[in-house]
Amino acid sequence: MRRAVVIGATGQIGRPAVRALARDGWEVTAASRGGGRDGTWPEGVRAVRLDREDDAALAAVVGDGCDLVVDVVAYGERHARRLTSLAGRIGSAVVVSSVSVYEDGEGRGFDTQAEPDGFPVYPVPIPETQRTVAPGGATYSTGKAALERELLAAGDRLPATLLRAGAVHGPHCRTPRELYFVKRNLDGRRRRFLAYGGESRFHPVSVHTLAELIRLAAARPGSRVLNACDDEAPTVAEIGAAIDAVMGVETETVLLDGAPAGPVGDTPWSVPAPVVCDMSAARRELGYRPVVRYAETLPETVGWIERRLAGRDWREAYPRMWEVYGDLFDYAAEDAWADGRA
């Protein structure tokens, strides 16, 4: 039986990846900080405790060898080098990267978006051949670029598929963008504001899509980078409407022609230019076909968010969301802006 080790197994991507590989007949070791504490696994899956920063522990989990390592938490040059140092004991790897590595023809990327005219203008859709930021360790994007560079350079020793994930959605997410609409609906806010005419598109990827890509790449080892996004890239207005349908509410959407007015109209998807990725390479190289549609996955995502929020301040339930996005629910600012426009 083929043996696979999944690093980060109890996270939002790791859980469905473990299950997909187990269904495919792999003997899976689910490695995470909590070990078996945080996951309910299919029969035959072995859960182990692993700190990704502990190189000796990682080597012990790999043991005498495995056919596959799936690393959903790898970041930076150091993690890549640790994997390649085990090349003789690992058949192939599938590693999650990010679309944030891309930069446009003017050298703009996710790291420059807060600067005046700093948001990148990418081709639509973005191919894997699009230029990327210089590798380094200063930011998330440069760290992911360093991870990719090291693993691709070692392709003759360790074939690795790098999956450039879009805006990940699904249960167990620490920063669920859907929270923006779910909490408003729960709070009875029946009017919301969307910048850029509600037309912003930031390509999402379901955890189920990622699990399918991992499963397919595991069966077809190679040294390559592939975009990892859903088959569709809905606008932020379409996402809001889909969440409303799941929650059974009706809302009024006020569209701002341009950029957000301070916090008003600013959502986790609100971008001045589309970020939409080309999935044709995954179709061609892996035989990938879409397994879910965005709206189909929303009931489990919305349900997960509602359960996490029950009886808790949203900043307690999702501290990382607060850290990354700040106050997404400044209702006073929204009401003041609306009153000023009346």
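Leaving aside neighbours within four places in sequence, which residues is Asp67 in contact with? They are Met1, Arg2, Arg3, Trp26, Gly91 and Ser92, where contact means heavy atoms within 4.5 Å.

Before I go on, the conditions. This is a predicted model, in which local features need pLDDT of at least 70 and side-chain atom pairs count only at pLDDT 80 or more, while totals for chains, interfaces and linings use all residues. Residues are numbered from 1 along each chain as its sequence is written, and side-chain values use heavy atoms, with hydrogens and water left out.

Back to Asp67. It is found in strand S4, residues 66-71. Helices (H or I, at least four residues) and strands (E, at least two) are DSSP runs, numbered from the N terminus. Asp67 counts as partly exposed, because its relative accessibility is 37%. On that scale buried means under 20% relative accessible area, exposed means over 50%, and partly exposed lies in between, with a 1.4 Å probe and protein chains only. A polar atom of the Asp67 side chain lies 2.8 Å from the backbone nitrogen of Arg3.

Next, Val96 in strand S5, residues 90-98. Val96 is buried, because its relative accessibility is 5%. Not counting residues up to four places away in sequence, Val96 touches Ile13, Asp71, Val72, Ala74, Lys144, Leu147, Leu163 and Ala165. Val96 and Ile214 are 118 residues apart in sequence, and their C-alpha atoms are 9.0 Å apart.

Is Asn227 buried or exposed? Asn227 is buried, with a relative accessible area of 0%. Its side chain reaches the backbone oxygen of Asp278 at 2.9 Å. That is a polar contact: a pair of N or O atoms within 3.5 Å, where within protein one must be able to donate a hydrogen and the other to accept it, and residues adjacent in sequence count only if both atoms are side-chain atoms. Beyond four places in sequence, the residues that Asn227 touches include Tyr102, Arg164, Leu213, Cys277 and Met279.

Now the helices, starting with H5, residues 179-186. Seven of the eight residues of H5 are buried: Leu179, Tyr180, Phe181, Val182, Lys183, Arg184 and Asn185. The buried residues pack against strand S8 (191-194), helix H7 (236-247), H9, helix H10 (314-317), helix H11 (319-325) and helix H12 (331-341). After H5 comes Gly188, with a positive phi near 75°.

Helix H9 covers residues 294-309, and its axis comes within 10 Å of the H5 axis, crossing at roughly 60°. Axes are lines fitted to C-alpha atoms, for helices over the stretch in contact, and angles run from 0 to 180 degrees between N-to-C directions. H5 and H9 are therefore oblique to each other. The classes are: under 35 degrees roughly parallel, over 145 roughly antiparallel, 65 to 115 roughly perpendicular, and the rest oblique. The crossing of H5 and H9 is right-handed. A crossing is right-handed if the near helix is turned clockwise from the far one by less than a right angle, and left-handed if anticlockwise.

Leu179, Val182, Lys183 and Leu186 are the H5 side of the contact, and Val302, Ile305, Glu306 and Leu309 are the H9 side. By class, that contact has six nonpolar, no polar and two charged residues. Nonpolar covers Ala, Val, Leu, Ile, Met, Phe, Trp, Tyr, Cys and Pro; charged covers Asp, Glu, Lys and Arg; the others, Gly among them, are polar.

H9 also meets H7. Their axes come within 9 Å and cross at roughly 65°, and the two helices are therefore roughly perpendicular. This crossing is right-handed. From H7 the contact uses Ile239, Ala242, Ile243, Val246 and Met247, and from H9 Tyr294, Leu298, Pro299, Val302 and Glu306. Those residues divide into nine nonpolar, no polar and one charged.

Last, backbone geometry. Most residues other than glycine have a negative phi, and most peptide bonds are trans. Val124 and Pro125 are joined by a cis peptide bond, with omega about 0°. Pro125 is in the loop between S5 and helix H4 (140-153). Asp117 is in the loop between S5 and H4, and has a positive phi near 55°. Asp117 is exposed, at 66% relative accessible area. His172 has a positive phi of about 70° and is in the loop between strand S7 (167-169) and H5. His172 is partly exposed, at 30%.
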